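Let's take a walk through a protein together, one piece at a time. Have the picture ready and follow along as we go.

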Amino acid sequence: MEKTASQSKELFDQACTLFPGGVNSPVRAFGAVGGDPFFVKEAKGSCLITEEGESVLDYVQSWGALILGHAHPAVVEAIQQQASRGTSYGASHKLEIELADQIQKLVPSIEKLRFVNSGTEAVMSAIRLARGATGRDKIVKFEGCYHGHADSLLVKAGSGAATFGVPNSGGIPADLAQHTLTLPFNDVAKLDALFAESGSEVACVILEPVPGNMGVIHARSEFLKQLRELTQKSGSILIFDEVMSGFRVALGGAQEHFKIKPDLTTLGKIIGAGLPVGAFGGKAELMDQLAPSGPVYQAGTLSGNPLAMAAGIAALKEIQQPGFYSQLEALSDRLEKGIRGAVESSGRSWQVHRLGSMITLFFNEKDPQNFDDVGECDFDLFSKYFQTLLQNNVFIPPSQYEAWFVSSSHTVKEIDKTIGLTQSFLQEV
Ligand SMILES: *Cc1c(COP(=O)(O)O)cnc(C)c1O
């Protein structure tokens, strides 16, 4: 791909007069890697087609929403059929029940759920529910875990065990941020210390059980076990944010993979197959605290949207086909092994993390365990790698702090091309 192809450049210039930074979501602006973003005309399977008509192999896959690849025929057909029957009812319909029933069967910790329109909304609502149900204000999150852009969650720790939160965005009242306690991921000692001191004030602990929003980080099993135990003892609610990992790392999500049952789960991305949808659910007695059956208010004009439900039902049907996850695992494993091989033959020890079809190559020779470790990566080298891949029509997320996604529409040939490019890049630097 030409570095700044003409049509895309023109469109981006125009977009910059219309949208802050030229985009409707910040990371699309290529801020971390430099250069202008390309514009997408259409997409099919593993590839995006740019306005210039170039086919780009896509490992972003709408940031993990598309496990089947772009414009999967079954999803497209479900959307087309539903569109002619109406796009929003503002009243109950059968597709809501059908998708909820599927989700409940596949993720048994979800006894009852509610549909919303995005992952952010799911998390925001789950936190409100946890606070309402416990009568407590404090929430605990981990540095580098992203849970959408709700006020309470855009908070990052200073140093120290559990500092009172300092917002890492403008526009967040300090009075609100002080209720968010942050800890480093995977740090059992600091978790113990926080609960020893203020466990009885903690409404909930939220985490990405498979962090993907600081690149793929492996959760230590003793860390997850301790989280479950401490929250149970202190009457705090454990929320697994599976907006990314749900139906991605296993059919039953991270909770199936790790065999840990959270009290609440948030979902998004894959359950909408590329349409705007999120969900949160868990223990029935907890979910019944929501309006109209309980005192915690939550609502949405487009929630349970029939187009989104139809797309989700079609996607969940596809991923339950026999062999779906083993085929995806084989592709992802091939990519991981190939990249590891390329790293080894370059004589360096850059770290590769993968769980299921989420993968990150960290330009760090020390194995990253948390957000601070990721901060020690060679970001210049990452940018060069990103640009080299893009010049060869391979698109990975434009930040070291992200996971790449393999979809079921990627081919062995495409995986091998990616490995080959990585090999020659690493030989040259
Ligand atoms: C993407 C994501 C969100 C936010 O979802 P949106 O649909 O972008 O609002 C929340 N949590 C996790 C873990 C995510 O990956």
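Asp 187 caps the N-terminal end of helix 7, with one of its side-chain oxygens 3.3 Å from the backbone nitrogen of Ala 189. Keep in mind that this is a predicted model.

Now follow helix 7 itself, which covers residues 188-198. Which of its residues are buried? They are Leu 191, Leu 194, Phe 195 and Ser 198. If you look down the axis of helix 7, these buried residues fall within an arc of 95 degrees, so they line one face of the helix. The face turned away from that buried side carries Ala 189, Ala 196 and Glu 197, which are exposed.

What covers the buried residues of helix 7? The cover includes strand 5 (138-142), strand 9 (180-183), strand 10 (202-207) and helix 8 (221-234).

Let's step over to strand 5. Five of its five residues are buried, so strand 5 is largely enclosed by the rest of the structure. Both of its faces are covered: Lys 138, Val 140 and Phe 142 are buried on one side, and Ile 139 and Lys 141 are buried on the other. Strand 5 also has pairing partners. Three bridges join strand 5 to strand 10, and the two run parallel; here Lys 138 has Val 202 as its bridge partner. With strand 9, strand 5 pairs in the parallel sense over four bridges, and Lys 141 stands opposite Thr 182 of strand 9.

Next, find Gly 281 in strand 13, which spans residues 278-282. Is Gly 281 buried or exposed? Gly 281 has a relative accessible area of 0%, so this residue is buried. Leaving aside neighbours within four places in sequence, Gly 281 is in contact with Ile 110, Lys 112, Leu 113, Asp 263, Leu 264, Thr 265 and Met 287.

Three strands form an open sheet in the order 14-15-17, with antiparallel pairing. Strand 14 (351-355) and strand 17 (404-405) stand at the edges with a single partner strand each, so one side of each is left without a neighbour in the sheet. Helix 12 (residues 324-345) packs on this sheet and touches strand 14, strand 15 and strand 17. The direction of helix 12 makes about 175 degrees with that of strand 14. Strand 14 pairs with strand 15 (residues 358-362) over five bridges in the antiparallel sense, and the bridge partner of His 353 in strand 15 is Thr 360.

Our last stop is the aromatic rings. The count of aromatic pairs comes to 16. Among them, Tyr 385 and Phe 425 form a tilted pair, 5.2 Å centre to centre with 50 degrees between the planes. This pair links distant parts of the chain: Tyr 385 sits in helix 14 (residues 379-391) and Phe 425 in helix 15 (residues 412-428), 40 residues apart. Tyr 385 is buried at a relative accessible area of 1%, and Phe 425 also counts as buried, at 6% relative accessibility. Both belong to one aromatic cluster, formed by Tyr 59, Trp 350, Phe 363, Tyr 385, Trp 404 and Phe 425.

Technical notes
Residues numbered from 1 in each chain as written. Predicted model: local features only at pLDDT ≥ 70, side-chain atom pairs only at ≥ 80, totals over all residues. Heavy atoms only, no water. Buried < 20%, exposed > 50% of the residue type's maximum accessible area, 1.4 Å probe, protein only. Arc of directions from axis to C-beta. Contact = heavy atoms within 4.5 Å. Polar contact = N/O pair within 3.5 Å; in protein donor to acceptor, adjacent residues only side chain to side chain. Pairing = 2+ DSSP bridges. Phe/Tyr/Trp six-rings, centres within 6.5 Å; stacked < 30°, edge-to-face > 60°. Axes fitted to C-alpha atoms, helices over the stretch in contact; angles between N-to-C directions.
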